Amino acid sequence: MEKLNNKKALLDRIHLSEGVDFEYNEKEILKEYQKQNENTSSLSIKILSILGGFFAALAFLGFLIIIRLNDEHIIIALGIGFIISAILLSKVYNKLSIDTFSVSFYIIGVSLFFAGFSGLHIANNTTVPLLILIALIALLITQNYILSFISVLVISGSSLGLIISNDRSDLIHLYITITTIVLTYFFLNEAKIISSSKKLCKLYNPIRIGLVISLLFGLISIGENSIMSIAQNRIWISSIVMIFLNLYLVYLIMKRIEIEALKDKILIYALTSLVLIPLLFAPFILGVIVLILISFLVNYKTGLVIGILSIVYFISRYYYDLDFTLLTKSILLFVSGIIFLLLYILTNKKLNTHEKI
């Protein structure tokens, strides 16, 4: 009730600021908000729904193995049937309680579809694009949060699968670059995207978090040598884009907190460069820094938490993989810490000054 009253107060303030000519349907706006609020779950509930769907899918697939269903055509037909059922459930019943069923059906359907084509010994170069097409169709038809999120992961996971199965590890740079640029565009153009159409308004949040996880998939793939073998003399390729994106985000943040003094700008750019340039051969860290900066810029707390946890992991891996002595590694970490503290002091000082004004 308190949130509903806050919405009413917000509408009143907008009405006062826009003048008497401003017209809006308060009843319909509040009705739509209340409907969304009733069917909106917390992040933990969404995670539990996805896990529930995943384990339900495993149980059903285990059942098929037990009964020894070996007819690939029947498996493919079952997969398509489950996918269609998942989409229909999410479209007809827009309720949180149905989400777990639709998620289960969707995961089972995708798994059966892939298993059936694999059993027919059809090449991944044919099967995986079909999976991507199915995920795109599901994304366009349904605006269910969890199904849309999983569809984004299917698209990104299938793209990575194509790169790995064809042993084209250098294409991971293209994957990371495209994902990072699309993610940056989504974050910086939120208002334009959600106001362009009702469908995009509903799809924005699941696509955003899906892109964040998809970027992490790519960064983990390039950071873990066990996943794919990447030539170390070309690992810097995607780093170039990351460095420019980071500098651009720093520029936007300085503009947002109104840093106008030339000496402050030069100092911040110098400190930022001291952090970024040594990471030229660590694009996985540069990618996470992009995520942290852009989440901070748009105040996206989920992305910020994911970014902070990820950078702790990637820095730890990078630290232990360095071919330096323990003393040199410690000095590097110490200097990096000092640089980050200086950047924090500069930005925090400006933020406090801006708030007082």
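This is a predicted model: local features need pLDDT of at least 70, side-chain atom pairs count only at pLDDT 80 or more; totals for chains, interfaces and linings use all residues.
Trp236 sits in the loop that links helix H10 (198-223) to helix H11 (237-256). With a relative accessible area of 36%, Trp236 is partly exposed; that value clears the patch cut-off of over 30%.

Stepping back to the whole chain, the fold is built from 15 helices and zero strands. The protein has 357 residues, and 39% of them count as buried. As for contacts between residues at least 6 apart in sequence, 70% of them join residues at least 24 apart.

On the inside, the largest nonpolar core takes in 77 residues. Its members that touch the most others are Tyr106, Ile150, Ile172, Ile176, Val212, Leu219 and Ile285. Both domain 2 (45-166) and domain 3 (167-320) contribute residues to this core, so the core lies between the two domains. Another core, this one of five residues, lies apart from it and includes Leu64, Ile75, Phe82 and Leu112.

Ser310 belongs to helix H14, which covers residues 301-321. Its relative accessibility is 10%, so Ser310 counts as buried, the cut-off for that label being under 20%. Leaving aside residues up to four places away in sequence, Ser310 is in touch with Leu216 and Val288.

Pro129, by contrast, is found in helix H6 (residues 124-141) and counts as partly exposed, at 34% relative accessibility. Once residues up to four places away in sequence are set aside, Pro129 touches Asn124 and Leu162. Pro129 also pairs up in space with a residue well along the chain: Ser159 is 30 residues away in sequence, yet the C-alpha to C-alpha distance between Pro129 and Ser159 is 8.3 Å.

Technical notes
Residues are numbered from 1 along each chain as its sequence is written. Side-chain values use heavy atoms; hydrogens and water are left out. A nonpolar core is a set of buried Ala, Val, Leu, Ile, Met, Phe, Trp, Tyr and Cys residues joined through side-chain atoms within 4.5 Å. Buried means under 20% relative accessible area, exposed over 50%, partly exposed in between (1.4 Å probe, protein chains only). Domain bounds come from an automatic or database domain assignment. Helices (H or I, at least four residues) and strands (E, at least two) are DSSP runs, numbered from the N terminus. Contact means heavy atoms within 4.5 Å.
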